[in-house]
Amino acid sequence: MDDSQAPPGTPGWERHRHACEVDQVVAWRKERGREFMVSYLELVEKHRGRKARKRLEDDVRAAWTLRISQQQLQSGNANR
């Protein structure tokens, strides 16, 4: 996860918590599907606000994209 979206002065423990949450949501996306992930993001918005949802959603999207890219690279290397 990129800390660039973390608000200035965000404590280290909060950055770690957020990174763990991003990893968990990415895992849910793979294991339980997109609908489950979207439901979780809706709960985040309800309880923590739109800004928190957007930050989490953006970081999950970036992590998911990175995961897909890495898988494509690995499968490309396996075919060589």
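Which ring does the charged end of Arg29 sit over? The charged end of Arg29 is placed over the ring of Trp64, 4.8 Å from its centre. Here a charge sits over a ring if NZ of Lys or CZ of Arg is within 6 Å of the ring centre and within 35 degrees of the ring normal. Arg32 likewise lies over the face of Phe36, at 4.5 Å from the ring centre.

A word on the model: it is predicted, so local features need pLDDT of at least 70 and side-chain atom pairs count only at pLDDT 80 or more, while totals for chains, interfaces and linings use all residues. Residues are numbered from 1 along each chain as its sequence is written, and side-chain values use heavy atoms, with hydrogens and water left out.

Now to the ring pairs. The structure holds two aromatic pairs, listed here.

| Pair | Centre distance | Plane angle | Type |
|---|---|---|---|
| Trp28 and Phe36 | 5.3 Å | 80° | edge-to-face |
| Trp28 and Tyr40 | 5.0 Å | 65° | edge-to-face |

Rings of Phe, Tyr and Trp (its six-membered ring) pair if their centres lie within 6.5 Å; planes under 30 degrees apart count as stacked, over 60 as edge-to-face and the rest as tilted.

Trp28 belongs to helix H1 (residues 12–32) and Tyr40 to helix H2 (residues 34–48), so their pair ties together parts that are twelve residues apart in sequence. Such helices are DSSP runs (H or I, at least four residues), numbered from the N terminus.

Together, Trp28, Phe36 and Tyr40 form one aromatic cluster. Trp28 and Tyr40 are both buried, Trp28 with a relative accessible area of 17%, whereas Phe36 is partly exposed at 31%. Buried means under 20% relative accessible area, exposed over 50%, and partly exposed in between (1.4 Å probe, protein chains only).

Conventions
Helix = DSSP H or I, 4+ residues; strand = E, 2+ residues; numbered from the N terminus.
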